[in-house]
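Student: Could you show me how to read a few features of a protein model? Let's have it on screen first.

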Amino acid sequence: MPSDILTVASELAEITRLVAADDFGATTAKFVQRIVNTIPGCDEALITVRSTNGVETVQTSGDLGFDPLSPGPVIEAVTFREPRQLTDTMSDQRWPAFATQLVNAGYRSCMTLPLSTRGDESAVLTLLSREPATFDESSYDVVLLLTLHAGVAFDNASIYHDALELVGQLRTALRTRSLVGQAQGLLMRDQGFGPDEAFALLKRASQNRNIKLRELAAQLVEAHENGGFDKLVADFTPL
């Protein structure tokens with residue numbers, strides 16, 4: 001475990017320099033990878049989101065080899081916005097089916113903590129280890145600082161600012177994904193597009209109109225609610 005909390009804060013600052021606020025994939029990919037690099041014993045990390053569209057794992061640091069959405073600590077944590085920990089998959093019987101999946105995939109322990117979000121969406125960060133009892137109290141505290149952005153622990157003002165900026169980016173990314181998913185679903189349902197075709201249309205229209213993807217998605221969702229969806233789609237479809 002890093003001896004100085006500023007070391008961890010520096011990791012957060014590094015992420016903010018590497019990601020773009022409007023790129024959900026890049027933001028979450030960098031985030032989970034830095035978590036794996038920062039927390040000793042952490043072999044993989046993943047982010048799971050619960051929204052009006054359901055629950056999905058939106059980012060992993062690698063090929064997990066199991067389904068994190070099967071009944072277990074991840075689903076419970078993202079549903080109740082509470083931390084969950086599985087200290088040893090060989091002895092903890094609270095989630096037997098989930099634990100069996102982890103054992104078969106080569107993992108012996110995991111820890112899931114809520115990410116700070118707003119609105120109806122909730123998100124959790126899950127750490128996985130191939131060793132039992134990897135995430136002790138100090139690991140829990142440090143990861144909790146990362147996920148809940150406890151800024152009072154950061155004495156360095158510039159690093160504190162960067163940490164808050166990262167949290168803002170993650171919140172923006174989560175909101176963006178929710179809006180884009182809604183707009184994509186509307187295009188698929190009302191216009192007959194396939195998933196890839198609908199997303200490509202959104203991205204192309206966003207670039208051609210020089211507006212952010214989440215703003216375009218928000219316009220589509222609002223237009224659907226107000227009865228102007230077909231006209232708005234017709235306006236940017238030829239672009």
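Student: Leaving aside neighbours within four places in sequence, which residues is Q184 in contact with?

Tutor: Contact means heavy atoms within 4.5 Å. By that rule, and skipping those neighbours, Q184 touches P195, A198, F199 and L202. Bear in mind that this is a predicted model, where local features need pLDDT of at least 70, side-chain atom pairs count only at pLDDT 80 or more, and totals for chains, interfaces and linings use all residues. Residues are numbered from 1 along each chain as its sequence is written, and side-chain values use heavy atoms, with hydrogens and water left out.

Student: Where does Q184 sit, and is Q184 buried or exposed?

Tutor: Helices (H or I, at least four residues) and strands (E, at least two) are DSSP runs, numbered from the N terminus. Q184 belongs to helix α6, residues 157–191. Buried means under 20% relative accessible area, exposed over 50%, partly exposed in between (1.4 Å probe, protein chains only). Q184 counts as buried because its relative accessibility is 18%.

Student: How many bridges join β4 to β5?

Tutor: There are 7 between β4 (residues 109–115) and β5 (residues 122–129). For example, L115 has A123 in β5 as its bridge partner.

Conventions. Pairing = 2+ DSSP bridges.
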